[in-house]
Amino acid sequence: MKDNQEGLRADIERLFERRLERGFEADYTDVDSGHGRALARRCWAIEVGGRGLIDSDRWAEVGSVALIETERFEAEPDPDGEANPNGEAENGSVSGETATEKRYVINANQGLSEIGLQRL
């Protein structure tokens with residue numbers, strides 16, 4: 001979803017915030033790791049059928065909306081050289097940086113199959 005659709009984007013963000021506060025489980029999760037990096041992708045989808053959106057007449061053809069969250073962790077090398085090859089310190093902790101990105105998608109179809117979610 002592009003940033004030039006501010007009202008729609010804000011409405012969809014609020015929709016997902018409310019659901020996530022109530023423990024809305026991801027429809028699809030994928031985790032990949034190796035070489036001091038970890039990547040987790042989660043996707044939540046909500047069927048809306050054009051209802052409940054700002055300016056619902058304009059967005060009547062929107063069947064579903066999705067939130068795609070990507071979380072990347074990059075392990076930092078231990079400056080004292082005490083980390084093992086996985087980036088873990090001797091006490092088992094791992095230092096590094098985590099970045100999280102959220103994207104919102106609108107879809108004309110109601111429902112997003114797991115195959116469709118995997119392609120996002």
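Which residue stands opposite Leu 67 in β4? It is Tyr 104. The model is predicted: local features require pLDDT of at least 70, side-chain atom pairs count only at pLDDT 80 or more, and totals for chains, interfaces and linings use all residues. Residues are numbered from 1 along each chain as its sequence is written, and side-chain values use heavy atoms, without hydrogens and water.

The protein contains 2 helices and 4 strands. These are DSSP runs numbered from the N terminus (helices H or I, at least four residues; strands E, at least two). Their order from the N terminus is α-β-β-β-β-α.

The 4 strands form an open sheet in the order β1-β2-β3-β4, with antiparallel pairing. Pairing requires at least two DSSP bridges between two strands. Neighbouring strands are turned by 10 degrees against each other on average, direction ignored. β3 (residues 64-75) is joined to β4 by 12 bridges in the antiparallel sense.

Helix α1 (residues 6-21) lies across β2 (37-47), β3 and β4. The helix runs at about 115 degrees to β4. Axes are lines fitted to C-alpha atoms, for helices over the stretch in contact, and angles span 0 to 180 degrees between N-to-C directions.

Contacts (heavy atoms within 4.5 Å) were also counted by sequence separation. Of those between residues at least 6 apart in sequence, 61% join residues at least 24 apart.

Of the 120 residues, 25% are buried (under 20% relative accessible area, 1.4 Å probe, protein chains only). The protein exposes about 8100 Å² (Shrake-Rupley method, 1.4 Å probe). Carbon and sulfur atoms supply 41% of this area.

Conventions
Buried < 20%, exposed > 50% of the residue type's maximum accessible area, 1.4 Å probe, protein only.
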